[in-house]
Every structure is written in C-alpha cells, then in structure tokens.
Amino acid sequence: MESLVDSYGRRIKSMRISVTDKCNFRCTYCMPAEGLPWLKKAEILSYEEFMRISRVAVSMGIEQIRLTGGEPLVRRDLPELVHQLHELEGLRSLSLTTNGILLPQQAKALAEAGLTRINVSLDTLLHEKFTQVTRRDQLDRVLEGLDALAAYPSIHPIKINAVAMRNFSEAEVLDFVRFARDKAYVMRWIEFMPLDADQIWRKEDILTGGEIKAIIEAAYGPLVPITSGDPSETARRYTFSDNIGEVGFINPVSEPFCAQCDRIRITADGQLRTCLFATEETDLRSVVRSDADDVELARVIRQAVWHKELKHYIGDKRFKRANRSMSMIGG
C-alpha cells in the first residue's frame, strides 16, 4: 500500500502498541498510589486484533513496533504475540518497554520468540529512592531481570530509560554512567513530561538533557556525538572519548522533536493516537470488530494519520494535557 504520510509531509514508520493498561508498579509520575480503574477484559484488544492492525500497518509502511503497557509482561502469553509480530514481512524492528520485574521468568521466552530490542525503565539505583518513586520495594528484582537478559545476546541493545526529575536524578547521573559502561547498557534520560495521573507536573521539576550532559562532561570530558542518519530518532546520542558506552538524552520539553515525529500509538482498548499528548483518538476497535475489511481499516488509519498534530505545545499557552495518563496511553 501507499506509505503513511501526515498533512505536514511526515512519513509514519513507527508504532507503539500498549497491550495492557495494568501495571505492577505505581510510579509517582504515572499513576496514583491506589492505581486506576482497569479496563474490562472485553474492552482490551485480543492478540488476533492487534495482529490484524499490525499487518495492515506494516503493509502501509510501519517498520518498527514497540510493545508497551502499563507493564506489558503482565499480559498473559506475551511471547506468543512477539512471535507472531516477528514473522511479519517488512517489520524491521520489534522491541519492548518494561519495568523489568518479570524478566527473570520471561527473558528466555521473549528471546526465543524473536524479540530484538528492549528498554528497561529504571529511575534510580538506590533502594529507598526506588521504593519512593515506584511505591514498590523491587529494585533487586529489576536488577535480576537485567542480569537475566545477558544470557540472550540476540536481544540487543539493552537500554536503560530513566525519567529525569529535578532534585531526584542529579545525584545519580554518574552512578548510572558507571553502571551502564560496566554492563554495556545504553543509558538514556527522558525529560519529565506532564502525563501524571495526579496532574501535579510542573515545568520547574524537569531536569533537562542539557543539564545531565553537563554533569557527565564535567567528569568525563566532552561527549562524542553519534549520528544514525535517521532524522526521526528521538534521542540525542553520545559516546565517550574512550569509545566505551553510550548515553542518550530524550528532550521533548527543552528540545522538542515534533517536526521529525514518525510515530503513532495504539492503546490497549484499540484507540489510535497520533501524538502522546493527543486530545482526540480514532477508534480502531470498533472497526476490527465490525464486518469492515482491511481496505476499510487502512482507510481509517490513513485518515487519522493525515490529521496528526503539528506539535505538543508543552510550555505554550496552547498546551492541553492528554486525555489519559501515561499508563493508559502506553509508554
């Protein structure tokens, strides 16, 4: 089929699929301590429905799929979906974002199913702070999960994603650098965004990528830029003068990359979102559960993509909060 392009000429190549809204953590920047009302089982797409959407999307030029949640590994038999997606002709990258707590049990099955890349969310290496931010005392289990991945080199690279928050993250920047260089992980910091369910986000709470980079360079000297040649890449990537390790900074607030955005998202209940901060969604669940054929499904997807937002407007008076929290949208 003809490639997916929005009205601003951006070619859409990446799709994130949230397979569940449920999570076994209660991160302060994502959901309230008591959690959120979970979707009913009938509201969530089946793997067959996700696969139908994925097949059509890949035929329209989607090259990368990332599975997210909630916490995707709480969804039963997730490796089976990974296996089916891995078989899609034309899909170049299949990855997963997880909090890592269930990796000790599932790393082997994920690798055998064909998972090629993984991001593990980890905001601190200190037990007390980990419990504070996730409201769960499970740091050791996450570290066990990271260690479990070492047995499966086909899953590469292993990326550590940390949300950068002022008065929380600064003191551990260099600890994370040493951890990542020692373990051969790619370390990335993501600026804190207004997606918390409690809606207490303040711009003053952001620790910018530029500030973190300055902390690293004060200790290690100038970082060396890494360029992939892909203008839609979200991270500003660097290595060190000794060429050991990689760090990256995802700066959606201080350095928005909306002009090159190539991403769409499918929520667990089958809503297509063309921006993380979208205030409108397109209902694909009703399409796949009707008698509509794939041509009609493709038409609905194409129409939604055509109306993709120009930018997210964070920090602008025109900014509107997303109509769901991060756990409902998919990380």
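Ile118 stands opposite Ile158 in β5. The strands concerned, β4 and β5 (residues 158–164), run parallel and are joined by four bridges. Helices (H or I, at least four residues) and strands (E, at least two) are DSSP runs, numbered from the N terminus, and two strands pair if DSSP finds at least two bridges between them. The model is predicted, so that local features need pLDDT of at least 70 and side-chain atom pairs count only at pLDDT 80 or more, while totals for chains, interfaces and linings use all residues. Residues are numbered from 1 along each chain as its sequence is written, and side-chain values use heavy atoms, with hydrogens and water left out.

Strand β4 (residues 117–121) is also joined by four bridges to β3 (residues 93–98), again in parallel. Thr98 stands opposite Val120 of β4. Between β3 and β4 the chain passes through helix α3 (residues 103–113), giving a right-handed β-α-β crossover; with the strands pointing away from the viewer, the path from the first strand over the helix to the second runs clockwise. Strand β5 pairs in the parallel sense with β6 (residues 186–191) over six bridges, and Asn161 has Arg188 in β6 as its bridge partner.

## The sheet as a whole

The protein contains 10 helices and 12 strands. An open sheet of 12 strands has the order β7-β8-β9-β6-β5-β4-β3-β2-β1-β10-β11-β12, with mixed pairing. Strands β7 (224–226) and β12 (282–283) stand at the edges with a single partner strand each, so one side of each has no neighbour in the sheet.

## Overall dimensions and packing

The C-alpha trace spans about 60 × 45 × 40 Å along its principal axes. Buried residues (under 20% relative accessible area; exposed is over 50%, partly exposed in between; 1.4 Å probe, protein chains only) make up 54% of the 331 residues. Of the contacts (heavy atoms within 4.5 Å) between residues at least 6 apart in sequence, 74% join residues at least 24 apart.

Leaving aside residues up to four places away in sequence, Trp189 touches partners including Ala162, Phe176, Ile216, Val247 and Phe249.

## Backbone exceptions

Most residues other than glycine have a negative phi, and most peptide bonds are trans. The peptide bond from Gly69 to Gly70 is cis, with omega near 20 degrees, and Gly70 lies in the loop between β2 (64–68) and α2 (78–86). His156 and Pro157 are likewise joined by a cis peptide bond, with omega about 0 degrees; Pro157 is placed in the loop between α5 (139–149) and β5.

Asn167 has a positive phi near 65 degrees and is found in the loop between β5 and α6 (173–183). Its relative accessibility of 72% makes Asn167 exposed. Asn243 has a positive phi of about 65 degrees, lies in the loop between β8 (236–239) and β9 (246–250), and counts as exposed at 61% relative accessibility.
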